Amino acid sequence: MSDRDTPLDGGDTVDPPRGFVDQANVTNERIHEEFDEGWPECWERAADLLDWSEPWTKVLNDDDAPFYEWFVDGTLNAAYNCVDRHVESGRKSHAAIKWEGKLGETRTYTYQDLYREVNEFAAALRGLGVEEDDVVTLYMPVIPELPIAMLACARIGAPHSVVFAGLSGKALGTRIERADSEYLVTCDGYYRRGNAFNLKNKADDALLKVDHDVRSVVVDRLGETLPHTIDDADRDYHELLDEHAGATVDPVPRSAEDMLFLMYTSGTTGEPKGVEHTTGGYLSQVAWTSHAVLDLEPADMYWCSADIGWITGHSYIVYGPLTLGTTTMLYEGSPDYPERDRVWDIVERNAVDVFYTAPTAIRSFMKWGEEYPESHDLSSLRLLGTVGEPIGPRAWNWYYEHVGNGECPIVDTWWQTETGAMMVTTLPGVDPMKPGAAGPALPGTDLDIVGSDGSSVAEGESGYLSITRPWPAMVRSLYDDEDRFIEEYWTETDDGWRYETGDRARIDADGYVSVLGRVDDVLTVGGVRIEITRVESTIAGVDGVVEAAVVAGANNMLYAYVSTESGRMGDDALRDLINETVERSIGTVATPLRIVFTTELPKTRSGKIMRRLLESVTNGEPLGDTSALRNPESVGELQAAIRDR
Ligand code: WTA
């Protein structure tokens, strides 16, 4: 294959392995046409994967576009669909959650265990005063209490807002404040590379900046390792469970359009956007894609290595697999701790059937070497998936051969926080794969690649990826900001409304989409354009970071200048956390070549960071006029830090 070294260049096609197709959930070769011909009623097939308390009367209401409504008048409860119905259908002793902790601990929750704890915690939340439609903020690492709290919220109709535990107290505070959230569930701390980190302190700091009262529940994750103070207003999670032992709470029937959760993403302006997802449409499409794309069935051991704090974790660790009654794995640790074969060790020990990860992880595995996967028996694997950024043919082929042994299809799934569920991907039992191209639009969705004038570009040309039909899992609005919702995402055309994804892509003669990167990037690194402000706001959100400025060096690589909280300069764990957070929220291409810690960034008197000066420092060039600087002494420190290497 001559194109292996040319990332992003869709070339040869690879047919889905026969052994896979023979058992696949979806093998109907007419499925794309059928969905197309029967649109929008085709989406009833997705909704039919769920149990509804009241049926819908209309599949799609587009009277008030782009504020669409799906499965109008239908009612259902997400927690009932993820938990109760599996218990009722006689699968209560089937494993729902299998957790692998940072120190090698494991815990298994059967569907019955999950039922009990979700009910008890739902009763506890009610006892604290949580009512239907109250937003509950969750700030925890990947521990079972996080999905349990999500489901407990869903049970009583309280939307959750999960904030990634790697984000700072400041970021948490902003999200609590904006969502008017009066309840927080967090934990004392967590382990990173074997060290205990205090999360409760961050949460306490966050609350100092919030104007309204917030009641907190604290999970004791670290026990004696990290004694923490429980303030008078706080409640201990396990004590609450004891108080409500054996309690059950009827699942609250929610209208299909009621909010299931809020998820904040960092926007281009750095102002977080509260993406609203609903109960009926979201759950339907997430269930359908878990069934048709991830090919999940109840008997599967399924592992998605994302953090639950991101959308991937919401849709494809929690809601999708549990709706289908699958066993979902939760992994709290890092892929290379204690050893670089950690991931393959987990796959082998648990006989994982389906594995879903990100290209950034695959590229690390590649860098570490094939001896790590090869030292384990990975024959349990049936299907592999990726999400988050383009996977070039080289990483694709490596994943296919060294992890999948040429026997597992790869689904390269393109989607976004805002799309809620997968949108562009092959169906592994139907469509051939093209390494480097994600695939065709999912059945029931439609897209177009347009130029800056809004008209479709020619086949093979790159342009803006836009979605031309509504879909069930779509973002319904931005919390408290309908104007910004329309402004950020929608364009009105002669044919109706077009959703702008903000990605650049091209499409080939077979309708396969290759995603090239974000549109509003200002820098091209390694052939991929990167939006600097997004890198900056991501780094600035990391706990321990005060401010970040990112510039490109003459070598076209990114350099991050980061001012830290006192005592964190030179802290390698902070460096790791920054890299990991950038990787997870943007992608490896955006991870800086160097992170330079500093006490202060050079600023003008009006407080603007002098990027021009930072570029000169990066490139070792003369500084030019520095009279506008408020803190000239900061420059010498940076020059010394850069020279040090
Ligand atoms: C990028 C993650 C190429 C894209 C689910 C998108 C991808 C952004 C792919 C959303 C893929 C996601 N190929 N690029 N398979 N999947 N992206 O909101 O730029 O964290 O717009 O959602 O990731 O990131 P988000």
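Ala-509 is placed in the loop that joins strand S24 (496-507) to strand S25, where helices (H or I, at least four residues) and strands (E, at least two) are DSSP runs numbered from the N terminus. The model is a predicted one, in which local features need pLDDT of at least 70, side-chain atom pairs count only at pLDDT 80 or more, and totals for chains, interfaces and linings use all residues. Residues are numbered from 1 along each chain as its sequence is written, and side-chain values use heavy atoms, with hydrogens and water left out.

Ala-509 is exposed, with a relative accessible area of 59%; exposed means over 50%, buried under 20%, and partly exposed in between (1.4 Å probe, protein chains only). From Ala-509 to Glu-565 the separation is 56 residues in sequence and 53 Å in space, C-alpha to C-alpha.

The ligand is surrounded by 15 residues, of which the closest are Asp-412, Thr-413, Gln-416, Thr-417 and Asp-503; a residue counts as near if one of its heavy atoms lies within 4 Å. By class, this shell holds 6 nonpolar, 5 polar and 4 charged residues. Nonpolar here covers Ala, Val, Leu, Ile, Met, Phe, Trp, Tyr, Cys and Pro, charged covers Asp, Glu, Lys and Arg, and the others, Gly among them, are polar. At least two shell residues come from each of helix H11 (311-323), strand S20 (410-413) and strand S25 (513-518).

| Residue | Protein atom | Distance |
|---|---|---|
| Gly-388 | polar backbone atom | 3.0 Å |
| Asp-412 | N or O atom in the side chain | 2.8 Å |
| Thr-413 | polar backbone atom | 2.8 Å |

The protein covers 89% of the 530 Å² of accessible area that the ligand has on its own, by the Shrake-Rupley method with a 1.4 Å probe.

Helix H15 (residues 393-403) is mostly covered, with 9 of its 11 residues buried. Those buried are Pro-393, Ala-395, Trp-396, Asn-397, Trp-398, Tyr-399, Tyr-400, His-402 and Val-403. Their cover includes helix H12 (342-350), helix H13 (359-368), helix H14 (371-374), strand S18 (354-357), strand S19 (383-387) and S20, contact meaning heavy atoms within 4.5 Å. After H15 comes Asn-405, whose phi is positive, near 55°.

In an unreviewed entry, UniProt lists residues 30-82 as "domain: Acetyl-coenzyme A synthetase N-terminal". The span of residues 30-82 is 30% helix and 19% strand, and its end C-alpha atoms lie 30 Å apart.

Key. A polar contact is a pair of N or O atoms within 3.5 Å; within protein, one must be able to donate a hydrogen and the other to accept it, and residues adjacent in sequence count only if both atoms are side-chain atoms. UniProt positions are given in the numbering used here, feature names are shortened, and annotations may be inferred rather than shown by experiment.
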